[in-house]
Amino acid sequence: MKRWTRIVSVMILVALLALAAGCGSKPATTGENTNTPASNGPKKFTIGYDIYFVGNTWSVQMMQEFKGAAERHKDELNDVVYTESEGKVDKQIANIEDMIAKKVDAIVVTPNSPSALAPVLEKAADAGIKVILSAAKADTDKYTALVTVDDVDFGRAGAEWLVKKLNGQGNIIALNGIAGISVSDERWKGAKEVFDKNPGIKVVGVQAADWDYAKAKAATASLLAANPKIDGVWSQGGEMTLGAIEAFQAANRPLVPMTGEDNNGFLKKWKELQAKGFTAVAASKPTWLSAESLEVALKALKGQQVTKDNYLPAPTITEENLDKFVRADLPDSFWTQTKLTDDQIKALFQK
C-alpha cells in the first residue's frame, strides 16, 4: 500500500512540474506585425504608395486604380501609407525616407528620377522592404520587381506608323513628357531611333510638354508659328495630342497625322474628325499598372515567386478598333485602359 502511495505521489509531482513548465513558456515572436495563423489569421501587410505626380489626368487615374486594388485586397492589408511627390525629386526622396522610418512592408513607387531615387530605394531594400517600381525604372538592381510596359517600343511603334503614313518624307514635331523621367526619355529614344533611320523625315521641333493638354497646345502653337510646313506630329501622350489638334485648328492649319495615347478626350476628337480625313494611332500605357504593382507586392510579401522585370504588352488603338475604346458617355479626362469597375468610374468621373 505504501508503495502505491509513493507511486501516485511521484505521478502527481511530475504532472505539476509539466504544468508549471507549460505555464512558464511563451511562443517565440518576431515583432509586433507577426500574426499566428491559427489564432489571428494570415498576416496582413502595410504598403507605402507614393504617387509621383497628380498634375495630369493619367496620373490621377493611376492613383485611383491603386486605391481600387487596395480596396479589393483590404483583407490582406493592415494599412496603406499614401504620399504625393508633386513631380519633385527631393520630396519623393523624403516620402520614401518616411516610409522606411514607418517600417512599411513594401513600397510601390514611380521614380521621378531614375538616378536620384536609386540610393533611397537601395536603403529601403537593405531594410528588408519590398520595392516595387511602378511604370518607371530606377538606376539600381536593388528592387523586388518592375511593373511597366516597354516605353522604347511604345515610342518606336508610333514613330513607325507616322513614317509609314508620310511615306518616309516630311517635317514633323515631337511632344515629350516630363524631362528626366525614364518613361519620357525612353519613349523619345524609341521614336528617335526610327526617325534617324529615315533621312526623309526631319524633326523640326521638340518640346517637353509634361503630358499636359494646355502646355502641349501652347508648345504646338509656338512650333506652328516657327514652321510654315509641318506634316506630322509625334506625341507621346493623349492629352498632349488633343492640345496639338486644337492648336492646329486655332491656327487654321490643315490637320496632319498624329500619334497619341488612350485618353478619352483625344479618342473622341479623333472619332469626330475621322469623316474629315484625320488619321491617328494610340499606343497605351494602362493606368492599371499601379494596381498590378500592388498585386505583385502582395505576392512577394507572401513568399510567392515574382518576375523581377515585368514588361506588359501595350495595347494599341487603331482606325480599325477605335470604336471599341472611345467612350462618348465619359469625360475627356478618362483613360480607356482601366481595371476600375463601372461604379468606381462613375464615382470618379461623373460627379
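Because the model is predicted, local features need pLDDT of at least 70 and side-chain atom pairs count only at pLDDT 80 or more, while totals for chains, interfaces and linings use all residues.

Strands (E, at least two residues) and helices (H or I, at least four) are DSSP runs, numbered from the N terminus. Two strands pair if DSSP finds at least two bridges between them.

| Partner of S5 | Sense | Bridges | A facing pair |
|---|---|---|---|
| S4 (residues 130–134) | parallel | 3 | Ile 132 with Ala 145 |

Buried means under 20% relative accessible area, exposed over 50%, and partly exposed in between (1.4 Å probe, protein chains only).

**Thr 46 in strand S1**

Thr 46 lies in S1 (residues 45–51) and, at 12% relative accessibility, counts as buried. Beyond its neighbours within four places in sequence, Thr 46 is in contact (heavy atoms within 4.5 Å) with Asn 78, Asp 79, Val 81, Val 104, Asp 105 and Ala 106.

**The nonpolar cores**

A nonpolar core is a set of buried Ala, Val, Leu, Ile, Met, Phe, Trp, Tyr and Cys residues joined through side-chain atoms within 4.5 Å. The largest has 62 residues, and those touching the most other members are Ile 47, Val 233, Met 258, Phe 266, Leu 267, Trp 270 and Phe 278. Helix H11 (residues 289–301) gives the most to this core, with 7 residues. Apart from it lies another core of 17 residues, including Val 81, Ile 100, Ile 107 and Leu 121.

**Helices H4 and H5**

H4 (residues 89–101) and H5 (residues 118–126) pack at an angle of about 10 degrees, with their axes 10 Å apart. H4 is therefore roughly parallel to H5. From H4, the contact uses Ile 93, Ile 96, Glu 97 and Ile 100, and from H5, Val 120, Lys 123 and Ala 124.

Key
Residues are numbered from 1 along each chain as its sequence is written. Side-chain values use heavy atoms; hydrogens and water are left out. Axes are lines fitted to C-alpha atoms, for helices over the stretch in contact, and angles run from 0 to 180 degrees between N-to-C directions. Angles under 35 degrees count as roughly parallel, over 145 as roughly antiparallel, 65 to 115 as roughly perpendicular and the rest as oblique.
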